[in-house]
Amino acid sequence: MEALVVAKGLKKYFPVRRTISEVVLMKSRLYVRAVDGVSLEIGFGETLALVGESGSGKTTTGRMLIGLEKPTEGSILFEGIELTKLSKKALRKIRPRIQMIFQDPYASLDPRVKVGDQVAQPLIVHGLCNADEARERALEILERVGLTPSTEIYERYPHQLSGGQRQRVVIARAMITRPRFVVADEPVSMIDVSLRASILELLKEFKRERNLSTLFITHDLAVAKLVADRVAVMYLGKIVEEGAVEEVIYNPLHPYTKALISSVPTIGIRVLEKLKIVGEIPNPINIPPGCRFHTRCPFAMDKCKSYEAPWIYVSERHGVSCWLYSAE
Ligand code: SF4
């Protein structure tokens, strides 16, 4: 097996509710094409950052990879097992090995339950140990994520913790079952800037200690640079560029990637000629034909408006979908 997670041709279309008059007039149903043909691989112990604006389909991709969303089309192999074909019961058995760290630590914790019990809960829900052992292991993992003294933290409720502490609780809860694959969805975007580095470092430590594979969803290339081995840039439901983190950040190819990088002043990346893109990301119900970025691309050519660019490898592990790099 070459990779822990292999996704091929993933699509997720959400049907748009029709009005009564549209039903009466038999107007065809519209679909939000949130993810529209994503293929990716995540190696053992590897972190792949999925980067893009909001509305690009990153979170839906992540949710499909851990079985929280059923794909409309496509295949997902985890440890060689086809996740899309598993029953709910079979998926539940795999769940301890695949976990998600959500963006909003406050919303993902139950305000009425002690944080220690919430950390212990996955062990009990999945029948991995009894209540006493679960408590012991929760105390250990609270300690491991830096929440000390763990016996005191265990008894607290989410509102009695700071934002950074709450995110550590969420990480502890995800890690307590010793997952092999984690989807971290913007895990530092809602916490104080001064605390972000320590949370990212904690995730990197888990990766090193446990050979953890991670899909790290972020809109921030500076964060991707800190945590990822590889980066995939997503635009309107598709990956438009992918490669080793250094290669994509220091030698971006796709105009969208260049625009993302040139809009981040803090990352100490060599100053790119400022590339501004105009307008908003188009509505995923009505995706432009051809290259879906052509409505905002300063380099758009005639063929970009009608034909989708092929995937081109410019080096062994750096690929892009853009007509600028095609010999055709
Ligand atoms: Fe721009 Fe054309 Fe490349 Fe799309 S294919 S990014 S429109 S140059």
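Where is the place of Leu236? Leu236 sits in the loop between strand 9 (230–235) and strand 10 (238–244). Helices (H or I, at least four residues) and strands (E, at least two) are DSSP runs, numbered from the N terminus.

The model is predicted: local features need pLDDT of at least 70, side-chain atom pairs count only at pLDDT 80 or more, and totals for chains, interfaces and linings use all residues. Residues are numbered from 1 along each chain as its sequence is written, and side-chain values use heavy atoms, with hydrogens and water left out.

**Overall build**

The protein has eleven helices and twelve strands. Its radius of gyration is 21 Å, close to the 20 Å that the globule rule gives for 328 residues, so the protein is as compact as a globular protein of that length. That radius is taken over C-alpha atoms, and the rule is 2.2 Å times the number of residues to the power 0.38. The C-alpha trace spans about 65 × 55 × 40 Å along its principal axes. Of the 328 residues, 51% count as buried. Buried means under 20% relative accessible area, exposed over 50%, and partly exposed in between (1.4 Å probe, protein chains only). Among contacts with a separation of 6 or more, 65% join residues 24 or more positions apart. Contact means heavy atoms within 4.5 Å.

**Cores**

In soluble globular proteins, nonpolar side chains tend to be buried together. Here the largest nonpolar core holds 61 residues. Ile101, Val119, Ile171, Met175, Phe206 and Val231 touch the most other members. Helix 7 (residues 163–175) gives the largest share of this core, six residues. A second, separate core of 27 residues includes Leu10, Ile66, Phe78 and Met234. A nonpolar core is a set of buried Ala, Val, Leu, Ile, Met, Phe, Trp, Tyr and Cys residues joined through side-chain atoms within 4.5 Å.

Val231 deserves a look. Residues up to four places away in sequence are not counted; its contacts then include Leu48, Ala49, Val51, Leu221 and Val248.

**Helix 11**

Helix 11 (residues 255–262) is mostly covered, with seven of its eight residues buried. The buried ones are Pro255, Tyr256, Thr257, Ala259, Leu260, Ile261 and Ser262. Their cover includes strand 3 (47–51), helix 9 (221–227), strand 9, strand 10 and helix 10 (245–250).

**Backbone exceptions**

Most residues other than glycine have a negative phi, and most peptide bonds are trans.

| Site | Backbone value | Location |
|---|---|---|
| Glu186 | phi of about 45° | loop between strand 7 (181–185) and helix 8 (193–210) |
| Leu236 | phi of about 50° | loop between strand 9 (230–235) and strand 10 (238–244) |
| Thr148 to Pro149 | cis, omega near -10° | Pro149 in the loop between helix 5 (131–144) and helix 6 (150–154) |

**A partly exposed leucine**

Leu77 lies in strand 4 (residues 73–78). At 30% relative accessibility, Leu77 counts as partly exposed. Leaving aside neighbours within four places in sequence, Leu77 is in contact with Leu4, Val5, Val6 and Glu82. Ser56 is 21 residues from Leu77 along the chain, and their C-alpha atoms are separated by 23 Å.
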